[in-house]
Each structure stands twice: as C-alpha cells, then as structure tokens.
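Here is a structure to look through together. Let's take it one question at a time.

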Amino acid sequence: MAKITYREALNQAMCNEMERDERVFLMGEEVAEYNGAYKVSQGMLDKFGPKRVIDTPITELGFAGLGVGAAMAGLRPIIEFMTWNFAILAADQIVNAAAKMKYMTGGQYSCPMVFRGAGGAAARVSSQHSQAFENWYANIPGLKVVMPSNPADAKGLLAASIRDNDTVIFIENEINYGDIGEVPEGEYIIPLGKADIKRVGKDITLIAHSRMTGYALAAAEELAKMGIDAEVVDPRTIRPLDEATILASVAKTNRAVVIEEGWRFAGIGAEISARIMEKGFDDLDAPVARVTGKDVPMPYAANLENHALPSVAEIVEAARVTCNRA
Amino acid sequence: MAGKQKQDNTAGITHEGQFYSAERLHAMHDMMLYIRRFEEKAGQMYGLKKIGGFCHLCNGQEAVCVGMEEAADSKDYMMTSYRDHGHIIARGTDPTAVMAELLGRAGGVVGGKGGSMHMFDIEKNFVGGNGIVGEQVPIGIGFGFASQYRDDKRVSITIMGDGGVNQGAVYESFNMAALWKLPVVFVIENNQYAMGTSLSRASAETHLYKRGISFKVPGIQVDGMDVLEVERKMGEALEHARSGKGPMIVEMMTYRYRGHSMSDPATYRTRDEVNEWRTGRDPIARLQKQMVAAGLATEAEFKQKDKDIKKAVVAVAKAAEAQPEPDLSVLWDDIITDEIPNAYPYPRQVG
C-alpha cells in the first residue's frame, strides 16, 4: 500500500471512476486550470480534457442545477463546491430538486450524482467559512451523506459515492486534506452505510466522524493512560447510519460519547444519542454525553476559535465523567 | 399576413412564407381547443374540491403550448414550471393520466405523487413540472449540457414566466449557456402578471427578450396569441440552438384568462383588460377565423368539434376519477435507488 494524502486519495477515486465510466465528469470553481482550490483535482484537466473537467463561473446555484439536469439526462456529475459554505446558495437545487426528483417523478427520473467539497471548520477564516452542515442534509429523505476521516476512507467512499445511483452529499474536511495514510492502490470501494471501528476498546464508545475521528483517537490514547479503554466508532456514512455497529459497541461498553464539530442543537449527536436511547437503553450505565462545537458563529482570533471547537481535552473529560472516574 | 394558398394542390395556409397544411392546422387547432376545455374541466373539478392544493391553469396561453410543440423535435427536452398541464398535453401525454394526477389517482403521470405542479413524462422527454419559481432554468441547461456532451443534437426547451425571469438562477443559466454554447432555447411566457404583480411593477426592463443582452444571448419577441407565429419563430430559435450557435431567448407575449392559481380572483386587473385579450386576441378564435377565411373549415364544423372535444374531456375526467387512489405502499417507493437495508433510516420503515 502506498502512503498518500487525503487529497490524493480523493483524486485517485475520481480519476479511476472517470476512466471507468465516460458519463462521469467533474465541474466546479477552479477545478480545471487551477487544479482545484485545494488541489484535489490536480492533473485531471490534463488527463481528461476540458470536456470532462470543467471550470465554472462563481455561480453555485446555477452549476448545481446544471448538474441536476445532466444527471436526469443520464450523465454522472461530480459537482465540486469549493466549500460547503457556498453550497447554501445551491441548497434549492440540492434539497428541492436532486433529493426529490425520483419521488416527484414517480421514479421516472433520478439524480445519480455527487456533490462534494470541503466542510467543517477551516483555520482562522471566521464565521462564514467554518461550519458543519451534515445535519442539514442528513435530515432530507432522498440524500445520502458521506464523510471520510482518513485517506483510505476518502478514496473508497468517494469511489462508492460516484458509483451510487442516488444523490450523495460528500463532505470532505479542509484540515484533513494534507493528512497522509496508507491507501490501497487501484480500484478500492468501501460500501456506503458501513461504520468502521477505528480503535477497539471495552470501557466506553466514542462515536465521531470526519476530523473528529482523529480527535477521538487522540482522546482514547489519553484515556488509556487513565486506565479507560475507549472504542472509537466512525460512522463514515452519516445517512443512512450504520447504527448496528454503534449499538453493538455500546452493548459491550455500556457508555457512549458522541463527538461532532457542528452545533449541538439538532445535530448529528442528537440523532445518534436518541437512537442509543431508543434501541440500547438497557445497555446504558450512564447517560450518553455529547461533545460539540459551541453554539456560536466561528470567531477569527486564534484563542477564540480554539475555544469554539471541540477539543481532545473536552472529549477526555466527557468520557471520564461518563465512566464515573474521579 | 396569412392567406389562402395551394402548394402542390394541398389545401392550407401560408404564413410569412411558411406553408401549413389543412391537416396540420386542424391538429393544431384541435390541440389548443382540447387544452382549453381540459383546463376548464380542471377548474371545475377544483371547484368541486376534487383537485387539491395549487392548480395553475393556462387558459389563453394555448398557442404557446401548441406552437412550440409543433416546432420542436420529439427528442428535444421540454422543461417548465408549475403551469404545466397544457405543455404536457401538447407533448402528447395521455390526458387521462394528466387528469388522474390532478385528482391524486394511481394512474397519474407520476402516480399521484406530484399533482398539478409536477408533471413529468420520460417517454415524451417532458422533464417537469417544477414547483419553485425559476428552479427549472438551471436544470434545463443541464439537459442542454448533456446533449452537447453526447453530441446528440437535442435542444433543451426551458420555459419560464415573466415572474421567474427575475430569479438570479436564470442569469447564472444565461451566462453558462452562452459561455459554453449550450443547445437551449429559453422561452419566457410573458403573461403580464407574476401572480398578482404586473410586469411593470416587478421589472425595470419590461422587454424581457432583452434580458440576455449582457450574456450575449440573442432574444426575440413573439406574438404568443398566434400559434403560427409561435411555431415559425420557435422553429428559428430551435434551429439556432441545434446548429451549435448557443442559446436563444424567445419572449412569448401572451395572457392568462384565469387567476394565477385557482385561489386567485385576479382583482389586480380590470375586466376590460381581460376581455380585450379574450375577445380580441384569443388564439383559438384567431386560427378558426384564418381557417374559415382560407376555406379549410366552416364555423359549423368548429362548433361540432367543440362539442366532441368537450365530450372527450368529460370522458377523460370520468375515467380518471374512476381510478383508485394510490396504494398506501407506494408512500415509500422511489426515494432511493440503491437502498441500504441495514442502515438507518431503514428503507420503508418509520424507525
């Protein structure tokens, strides 16, 4: 296995799928001549030409809708949003068109396509450029929501998302783009809707996705020093959610902390903890705890920004309290 | 000026140098009249509370529906907003399925999932039926993009109203369509009112065919009450788009006789104004007059046709009403193609 970056892994997935399927094309701002704002599409214009790797004007609503029409007509668009913050402009096409097209047309048309780009908090870019939106899209029937936490998952999940016959919201993480990890070469597919146990443990389950998976793993190392053996579960697909893996872990550990970068109210942690309550109540020895981003717009100043985000220390503390350790 | 003319001894009318055979004129007339009577029936069924929700009728705009369809290739995509009954019927979709959809029946064009605003027919390349004003325009250029990608010479006919044309998405679409020379004809059905807001109260530039100037999208204005003029001009626009020259805007000057939707009494305009269009410029009466003058039909024939069409529409409504409501099990159908059975929310389950 080669060691490559998260962004290279995404690039490999797109290139492999475009070689495999003529219908797949990549469209977005700066994806072609600039090689991608985050260099995810590096070299793709040279490889596939301007017909299939297409720079757009800054016009998110327009090119998202173009993608919807192209998908209805039988192509397989990958629509890149430079970041998911800008996708709010395109929300009508994602929510009102793509997500509902199959249903609204009685199954005549569907939108097999991927909307992808950077999500979550970036570094020092203030309120409008640092946000987690997975809970918005996870609420909508007709969409799948996928969020890889490491390079191998990035490759396998993106390839699966491009092949999937539904609309996939694929949220990458800006801070993770440079992360290096071992990634299988050639064709590599990770089925959607399957969680992954990133660390095996017996005392408490830490459920975390995207960048927070790394935080949970770091917290698990700290907890180990305190004699707490944490299991880390990464759902990888947010919707639909592999809750069986989460519930099986909680049945073993009897305790759980859900971690997310986004806001607490009606967040992913709210849904996961509700499911643990509904289906694993008898397994619990303590209430499910949540560690989330603070309920504030993201500030710019380094110390404020740090304070607004979940930290490894907060995860450790929540796990310690949940395990009832002094 | 239309007039009587024989070409190869075939009876017909030559309009602006273009010949329309008697057979074709009758078909165009009959379709316009059918749409008119169908919409009247729909309005009646709405009044009886058999049709629910929103219901936007196109009475008065029939020449646009029929003239465009006459000019188009059946492989061309037709994309519109929620005022869609006339367009889908003109495309050749079974009117019983359209009425069944209005009534929320199992045999509706989309199985009772969409209602008045969401008519689709993949067999006829009728691609909506979209309920959000202006939303259909970027989707429409997506069909044009797919056509260019596959080089299959299909044009995307993307229809909006004088209300929809003020949405930002429309200008994003004009720009991309022109930039990439996408085969799209943007049709603006200018029926003078965006719901209750008259054109001049909502638009700084009321000549809507000029709205593409900044994007180098050429535009033309067409008398949308003259089916032959609609057919002729639409043919030119389609040719322009099909030949690789890029998009074109066609502004159809038309008028809706009814309110914006069934819940709109249309108190924002005068009775005189409506009457002026209805009696002076009605597209059906106009074609009838032309055909009678050309000796292609008599008034008595048209009266008989009207009786037959009314009867046919009544039969359609009866057949649609006799259909069952959709089976409750279809509630869960057609949401996801690749269902993932072991992940939550579980397919076809509450929790």
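Q: How far apart do the C-alpha centres of domain 1 of chain A and domain 2 of chain A lie?
A: This is a predicted model, where local features need pLDDT of at least 70, side-chain atom pairs count only at pLDDT 80 or more, and totals for chains, interfaces and linings use all residues. Residues are numbered from 1 along each chain as its sequence is written, while chains are lettered from A and ligands numbered from 1 in the order in which they are written. Domain 1 of chain A covers 2–183 and domain 2 covers 196–322, with bounds from an automatic or database domain assignment. Their C-alpha centres are separated by 26 Å.

Q: Which strand gives the most to the side of domain 1 of chain A that touches domain 2 of chain A?
A: The contact takes 24 residues from domain 1 of chain A and 24 residues from domain 2 of chain A, counting residues whose C-beta atoms, placed from the backbone, lie within 7 Å. On the domain 1 side, α6 (134–138), β6 (143–146), α7 (151–163) and β7 (167–173) of chain A each supply at least two residues; helices (H or I, at least four residues) and strands (E, at least two) are DSSP runs, numbered from the N terminus. With four residues, the top contributor is β6(A).

Q: Which strands stand at the edges of the open sheet of seven strands in chain A?
A: The order is β3-β2-β4-β5-β7-β6-β12 (chain A), with mixed pairing, where a pair needs at least two DSSP bridges. Each edge strand has a single partner strand, so one side of each is left without a neighbour in the sheet. These are β3 (53–55) and β12 (237–239) of chain A.

Q: Which residue in β3(A) stands opposite A:L26?
A: Strand β2 (residues 24–28) of chain A pairs with β3(A) in the parallel sense over three bridges. Opposite A:L26 stands A:V53.

Notes
Two residues are in contact if their C-beta atoms, placed from the backbone, lie within 7 Å.
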